[in-house]
Structures are given as structure tokens and as C-alpha cells.
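Subject: Handing over a structure

Hi there,

Here is the structure I promised to pass on. Please open it alongside this note, and then read on for what turned up.

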Amino acid sequence: HFKRIRLFPSHDSGTQFYGDITAHVWQVAGDGGFVEVSGHDFLDYRGTVNTLAPNGKTGMLLLDPLNPEITATTDNNLYVNPFTPTGTASKLAWTTLSGAGGLGGATDVTITTVGTIGVDSGDITFNAPGTYNSARNLTVICASGGSIVMNAGIANTGAGNLTFTVSGGGTISINGNVSLAGGLNFNGGSVSQVAGTTITVGGTTTLNLGPGNSAALNGALNNFGTVVIASGNSVTLTDVNAIDLGPSTVSGPFSLTAGGNISQSGVLNISGTATIEATGFNVTLGNASNNFQQAVNVNGAAITLVDGTGGIELGDINASGAFTVTSTGGNITNSGALAVGTTTQITATGFNVTLNNPNNNFVGAVTTVGANNLTLNDSVAALTLGASSVTGNLIITGAGPLTTGATTVGGNYNISGLVS
């Protein structure tokens, strides 16, 4: 039931297509077909394509020029009769791409470039804004080391996804606003966002950047739903509202700033330093399989951190509410200062807990469950040790009065400070 239709120029020249192509499946079962319209030096596409499948997967339209530029209207000055190109850049119109022949019709659309040839670098550039309402997916691919440059906004109020893919050192530059009801995907290269632009995504945003590539999506008014980081070296995200982190793997530093609660729906594997800012809002990263390999710095209201793979190093923690930290695979340490507005709950069964920064400030009671050796330092104010169990030694240093609850210690006490 699958159909494949491919239109190519006969030589190193251009293609004009103003007709209709149908790779529609009429049978009860089967998927829509694949249609490719290619132009070596230029592509002037103003046709229509139908790849619908009533009971299967919609097919795809592939537009494959050398170095396409997306504009408001097709530039007819690229060629003269008898259709000889006057330049290598192809110009594709948003009116065509979003119309009945593309996203507004019966097929998904892919725009790709064949590579670096002559003076063309194989880039794909959006120089005019595009607004449409479509359930069809738009995929933009630079397959040769070229880059995707979005100099104008893209808005889709329909459920269709937008995918940007580069390879071979290509990059993705977001220099205009993006507003999508569906999902947004970045693949294969580093992604940057110019200041003053906004990315709004109703569906899932997926970053599959590849090793050594980074993403800086830090527009102050960005609004993501769920973000999945399949791969990336360094990732910086900003969300004006709440954000959910899906399964994510970052081989370098990870930075997240949010104007709402931060939660997770997948495992986090962060090899570099993690810095999380959510002033006044809850940060709940409690998946039992999380793996924070370097220091975790968090600013928020109630903060929950779990590391189920190795130990966890706490950097600067500023919790205006309660702080809960659990390690099921190693020791808990702190290289920064802990400032906790209410209670602190520490669970590290069979492992050492060493929170000995003299600038720690535990306002509420500190409770520890299952620790081997426990070291606490609060040289800022009074310290309250709630009901706790320690199988090894207990070492406490404080500047003010120390209040202890029902505490079981299997080893030695070493307390420096006033005890009440």
C-alpha cells in the first residue's frame, strides 16, 4: 500500500512544480506515500500533495533544494524563461508550505538540503514569519553540516510538531518567537536563542543534541510543558511558569530557572553541576533512579532531592520551606551552605552524612534516618536534632543552643555547643 514518488531535475539545475501529486491510500489498511520534490540549484514549489491514509499513518512531502530560504512569497526572479537559475538559493513561500499543498492539506512536510556545493553552505533560513493551524508535522533537516537559522517567528495553533535537525557541526539559531500547540524537537547540534524572543510549547520539547553539543533556551518568557533531554553536553533552560522534566541525560552542566513548581516525570542523569532556581516555588526531584554526579544547587520553597545511583553532593541549598534529601547509593555531603526555613529530613541508610559547612543554617528540626556516621554543623544559629537514628558516630557543631529529640546512636557522641 506504500507509494513512493520522486521528482528530480535532469541535471544540476532547478525544479518548478505547480501540479498535483496523490499518494493517497484508498484501501481499508495501509499508510500514505512518500513524495519528494527536489531541485539542485533552486526549487519553486507551488503544487499540492495528498498522502492521507484513512486507517493508517499519513505520508510525507519532502522538499529538497540545495540552500532553501523560507520567505513570505516565492521569489520568481530566481529564474527566467527557459527556467535558467540566476542563483543557487531557493526560496519557498510560507503561503505554499502552510497552504493546501503542504501543512494545510493532507500530508506532513519535510524541508531538507542536500549539502554544501559551490557557494552554498547547505543552510536553511526562515526570513519571514509563518502562522498556520495544522495537525501535520513540519520537519526541517540540514543533512550536511549546514545550519538552521530562524530569523522570523513560527506559530502553529494545531497539534502538528516542529522538528529541527542538523548534523556534522551544524547549529540551530532561534532568532524569532516560536509558539506551538504541539511538540518541538531539536536534533543533532547546538541550539541557541537570541535575547528577547519567546518559545511557547504546549506539547513535549525534546533535545537530542548529541555529544559535545549544547542548548541555551533561556528566553525570560519561555513556557514549556514537559522537557526531555535525550542527550546534550550543556543545557540551560528558562521557563516563566512551572516545568516538568522528562527522562533527561546531560553530560555536562545543567541549569534551570522556573517561575513555577519544578517536577519530574522521568529519570535525571546529570554528569555536571546542576543549578536550579525556583524562588518561592517547590522543587520536587524525587525519582528513585536519579543520578546527580556533581554538586546540586537549588533555590526554592519546599525542596526534595533523591539520588538512587551514587552519593549526592549538596551545593548551595536555599529552601524557604522544608528540605528532604535521600541517597540510596552513597554518602551525602555538602560543598555549599544549606539554609532551610523549616524542617530537614535526611535519609541515607548505611551511608555517611557529612553536612559540616559552618555557614549552614537549619531553622527547623533536622531528622536523620539510617545514617552510618552523621556530622552536622550549624554555626549560624540554634540547632534542633529531631528524632534520629545513627548506627555510627554523631558529630555536631553549633553556635547556639542544641536541642535533641529521641536519638539513637550506635557509636560515639562528639558535640560542640550548648546543649539543652
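Let me begin with glycine 145, which is partly exposed at a relative accessible area of 27%. For that term, buried means under 20% relative accessible area, exposed means over 50%, and partly exposed lies in between, with a 1.4 Å probe and protein chains only. Glycine 145 sits in the loop between strand E15 (138-142) and strand E16 (148-150). Strands (E, at least two residues) and helices (H or I, at least four) are DSSP runs, numbered from the N terminus. Setting aside neighbours within four places in sequence, glycine 145 is in contact with Ser167, Gly168, Gly169 and Gly170, where contact means heavy atoms within 4.5 Å. The C-alpha atoms of glycine 145 and glycine 168 are 4.3 Å apart, although 23 residues separate the two along the chain.

Some ground rules before the rest. This is a predicted model, in which local features need pLDDT of at least 70 and side-chain atom pairs count only at pLDDT 80 or more, while totals for chains, interfaces and linings use all residues. Residues are numbered from 1 along each chain as its sequence is written, and side-chain values use heavy atoms, with hydrogens and water left out.

How confident is the predictor? pLDDT is its confidence in each residue, from 0 to 100. The protein averages a pLDDT of 84, and 76% of the residues score at least 70. Over residues 75-87 pLDDT stays under 50, and for that stretch the model has 25 contacts beyond four places in sequence.

Now for the sheets. Strands of a sheet pair through backbone hydrogen bonds, either parallel or antiparallel; I count two strands as paired if DSSP finds at least two bridges between them.

Threonine 198 is in the loop between strand E22 (191-193) and strand E23 (199-201). With 19% relative accessibility, threonine 198 counts as buried. Not counting residues up to four places away in sequence, threonine 198 touches Asn177, Val178, Gln193, Leu221 and Asn222.

Further along, strand E38 (residues 323-327) is mostly covered, with four of its five residues buried. Strand E36 (residues 303-307) runs parallel to E38 and is joined to it by five bridges, while four bridges join E38 to strand E41 (residues 344-347), again parallel. Threonine 326 of E38 stands opposite valine 306 and also opposite threonine 347 in E41.

Threonine 375 has isoleucine 395 in E48 as its bridge partner, and leucine 383 stands opposite leucine 402 in E48.

What about the aromatics? The whole structure holds four aromatic pairs. Rings of Phe, Tyr and Trp (its six-membered ring) pair if their centres lie within 6.5 Å; planes under 30 degrees apart are stacked, over 60 edge-to-face, and the rest tilted. The rings of tryptophan 94 and phenylalanine 126 have centres 6.0 Å apart and planes at 40 degrees, so this pair is tilted. Tryptophan 94 belongs to helix H1 (residues 94-97) and phenylalanine 126 to strand E13 (residues 124-126), so the pair ties together parts 32 residues apart in sequence. Tryptophan 94 is buried at 4% relative accessible area, and phenylalanine 126 is buried at 0%. Ring pairs link Trp94, Phe126, Tyr132, Phe164 and Phe186 into a cluster.

Finally, the core. A nonpolar core is a set of buried Ala, Val, Leu, Ile, Met, Phe, Trp, Tyr and Cys residues joined through side-chain atoms within 4.5 Å. The largest has 82 residues, of which Trp94, Phe126, Phe164, Phe186, Ile262, Leu305 and Leu314 touch the most other members. Strand E37 (residues 312-319) gives the most to this core, with four residues.

Best wishes

Definitions and conventions: pLDDT = per-residue confidence, 0-100.
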